[in-house]
Amino acid sequence: MNYYLTILIYMGINSILALSLNIIVGYAGQISLGHAAFYGVGAYTSALIATKLGVSFWVALPAAIVMTAFIGAILGLPSLRVSEDFLAITTIGINFVVQATFKYVKFFGGALGVSGIPFPSIGHHNLSLAEFALMTTIFTVLAAIITYWVSVSWIGLGLKAVREDELAASSSGVNVYKFKVLAFIIGSALAGLAGSLYAHFMMFITADDFSFPLSITILSMIVIGGIGTVRGAFLGAILLTILPELFRPLANYRMLVYAILLILFMRFLPEGLIGDESILWKKLTRKA
Amino acid sequence: MEKANQKSVILEVKNVKKRFGGIQALKGVSVTLYEGEILGLIGPNGAGKTTLFNCIAGVYHPDEGEILFKGKHIEKLPPNRIAGLGIARTFQIVRPFKTLSVIKNVMVSLGHRNYVGYGRLFKRPKKDDYERAMELLKTVGLDGKKDEISANLSLGELRRLEVARALALNPEIILLDEPYAGLRRHEEGRISEMILDLKKRGLSIIIVEHRVRLLMELVERVVVLDMGKIIAEGSPEEVKRNPRVIKAYLGEEEVA
Amino acid sequence: MFLQQVINGFASGGIYTLVALGLTLVYGVLKILHIAHAGIYALGAYLALIAYRIYPNIYFAFAFAMVGTAIGGYLVQKYLYWPILDKPRIVPLIASIGLFLALEELYRLIWGPYVIPFPQKFHWKSYNLGHIRLPGSDLFVFALSLFFLFILYWIVNRTKVGLAMRAVSDDKEVAEASGIDSKWIIALSFIIGSALAGAAGLMVGVYYNSIYPTMGDVPAYKSLAIIVVGGMGSIEGTVIAGFGLGLLEALLIGYLPFAFPRDALAFIAMIIFLLIKPEGLFSR
Ligand SMILES: Nc1ncnc2c1ncn2[C@@H]1O[C@H](COP(=O)(O)OP(=O)(O)OP(=O)(O)O)[C@@H](O)[C@H]1O
Ligand SMILES: [Mg+2]
């Protein structure tokens, strides 16, 4: 039971990550290969506030969200100066630099990471695993509602215009700078939420939990599911959480299988399993 | 009431200069656009026509000179602000939002007021907005394709989509950059009809075009740009016979 | 001490440059970030290992590694990149990262996760220049990189093929219109770039006397930083940025008052540089 609850929690956290990256990459079209950095900022903020100031999870969580949104706005600034491939590489760089900062600066706990992060509690009652899973699920649904809302409101339309053509978007009245930064802010804030949940669930974090390969994994979730859609981000996150578990007997080949899947998807199904342009989704929606 | 005076100036470009590295694309260009008129802007390849549009639309900021829209300085404003003020444009090389449907393309522009500030950003488009978008698509004859992904449209349809997108800004001025380029004869006729219709609605229009022939029945006044300078101005007939214009076009496929 | 750092910097700079040049060539003609290039680099080291076990001769090992990686590069562009060129840019990018991961995993499964020393220890002579000691290994690496750089320079600037390569990277459509077979030129860029990476892999294997599955990680990220600073597709820019990074690291690592990993340093340098000059050294 505990095993399944843990998987459920991971699924929730990964879904939030996928949904949040989807705003930056899927809606706004800003290739970000460093999303784990934002996740890490959220986790570290929450962990450090909780351990150093002794505040509860319920204070640390919103603080982490605000902090990550702020850092997201700053780290999103390069997207105003550099584009596409330059941005892709810059975001890889940001991931490395953020991770190295956590790892080599004493304040962040150095190589030992941060331990003793309190598990969430209400009054004197420590949440049970099931309660934590429920809470994570609620946050996940909330994140889904937020990202869905972003996608169907005016901001979503503006973001998609920026993704397709910045010049045409600005000629249509879209303030490209503002929209890009907003995408980074909203996306980072949600990643901060995921980070905080992760930190208080694990109760122990190190810099290596937020390395570049994780960024690729998150990106893979939205690409495999179907980029730019809420359903795709969910499906991708769930698949990439469960698959490694299913492959556990083949632990030695896990990464290889995963990497080959990634290649095959890009080669033969780049629109994802249930993206707007995927065969499966077109069939499903035509019948309905 | 305001429209009563045919001769009132709506846009004034004064001595605009723009340089790209070693190329002086505009060498002090002055153009006046009157309310409700269609102005033709012609000139050979590389004359600076698109650059002038880009300066008016805020894509580039002139190195020198001023641009006044209804008496207000706009030469330092970014494109989205200028679009919001009521100057819309189309692109010489069409720039649709490729993966969005035709109606969504128009919706993007239709939402321009909601992109200002933060309050309306998170509101959803309403039924009125869709109806307005459909109206605009009807104006350009694309209502039958509203759910088509815009990447699937023909060039002629894309040019009309760009006009619908421009109109969605509810503009007072519309800048059309070679709306006929690459079109077949029967499509040319369609575009001309559409432009005359825009004029009837009271819009002020500048059309860039290589060939004076196409502008004959549309415009009263033509400005000729060559190597970043205005070399002639007048009715299409006058301009066609102007020796400086003929000389500028020497070696080009056609003047008329 | 200082000069020795400089020489060390030139040696590692030479290797960075060789790897990054492959990326530059590929980016020039295809405009995709070929991250798996670093996997090809590690392949070069492993192929050299195999070759050396068959016939222990360093020239044979070089030939074997370079031919093998060239074929590898050719296959990658033909079967992976070519079919997805018209997809959104993120598609080939992720495919490339996937391939890189897959290659590293394959090496791990085939050759094991541990460090394999090169079968032969080379006994480098040191040369003395006044009272400065020039380590032979550094000189060997530096001289070889110069040699390969020179060959590349010659190909790109003095041959018809090189002219065609430059034409394709300037403007593919125009190049095709003037009768250049861009498909072949792209393939050739991959072949040349991969062979260079293979040579670099071998050189590093010999220089550090260690070959391991993830040896491509650091060069992968560094060469990305290098081509960005170089201006994305500019050969001159890549050479300057590559040697520049090698020198910068050698000097900083020697004098930095705190520990900070080398790859993060490369990226910090890159980010600072980009904020000042977002289009790189030699943009086009
Ligand atoms: N962004 C830019 N950077 C550098 N040079 C530019 C840029 N935009 C325009 N130019 C140069 O400015 C000059 C004018 O170009 P412009 O596009 O305005 O001409 P045009 O009259 O629209 O020509 P065409 O009829 O071919 O569309 C040309 O020499 C062009 O190469
Ligand atoms: Mg033009």
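What is the mean pLDDT of chain C, and what share of its residues reach 70 or more? For chain C the mean is 88, and 95% of the residues reach that mark, with pLDDT being the predictor's confidence in each residue, from 0 to 100. The structure is a predicted model, in which local features need pLDDT of at least 70 and side-chain atom pairs count only at pLDDT 80 or more, while totals for chains, interfaces and linings use all residues. Residues are numbered from 1 along each chain as its sequence is written, chains are lettered from A and ligands numbered from 1 in the order in which they are written, and side-chain values use heavy atoms, with hydrogens and water left out.

The model scores ipTM 0.91 and pTM 0.91. Chain B has a mean pLDDT of 90, and 95% of its residues reach 70 or more. Helices (H or I, at least four residues) and strands (E, at least two) are DSSP runs, numbered from the N terminus.

Ligand 1 comes next. It is surrounded by 15 residues, the closest being Asn45(B), Lys49(B), Thr50(B), Thr51(B) and Gln92(B); a residue is near a molecule if one of its heavy atoms lies within 4 Å of it. Polar contacts (pairs of N or O atoms within 3.5 Å) tie names to this picture. An oxygen atom of ligand 1 is 2.5 Å from an N or O atom in the side chain of Thr51(B), and an oxygen atom of ligand 1 is 2.8 Å from a polar backbone atom of Gly46(B). A nitrogen atom of ligand 1 is 3.0 Å from an N or O atom in the side chain of Tyr60(B). Taken alone, ligand 1 exposes 630 Å², of which the protein buries 66% (Shrake-Rupley method, 1.4 Å probe). Strand S2 (23-34) and helix H1 (49-57) of chain B are the elements that give two or more residues to the shell, and H1(B) gives the most, with three residues. By class, the shell has six nonpolar, seven polar and two charged residues; Ala, Val, Leu, Ile, Met, Phe, Trp, Tyr, Cys and Pro count as nonpolar, Asp, Glu, Lys and Arg as charged, and the others, Gly among them, as polar.

A search of the whole structure finds four cavities of 30 Å³ or more. On a 1 Å grid over the protein atoms alone, a cavity is a set of points where a 1.4 Å probe fits but cannot get out, and a pocket is an open set with protein on both sides within 12 Å along at least five of seven lines; lining residues have an atom within 4 Å of a point. A volume is the space filled by probe spheres set on the points. The largest cavity has a volume of about 60 Å³, and its lining includes Ser171(A), Arg89(B) and Glu162(B). H5(B) gives the most to this lining, with three residues.

The second largest pocket has a volume of about 1,300 Å³. Its lining holds 41 residues, with Asp209(A), Ser211(A), Pro213(A), Leu214(A) and Thr217(A) nearest its centre. H10(A) gives the most, with six residues.

Key
Polar contact = N/O pair within 3.5 Å; in protein donor to acceptor, adjacent residues only side chain to side chain.
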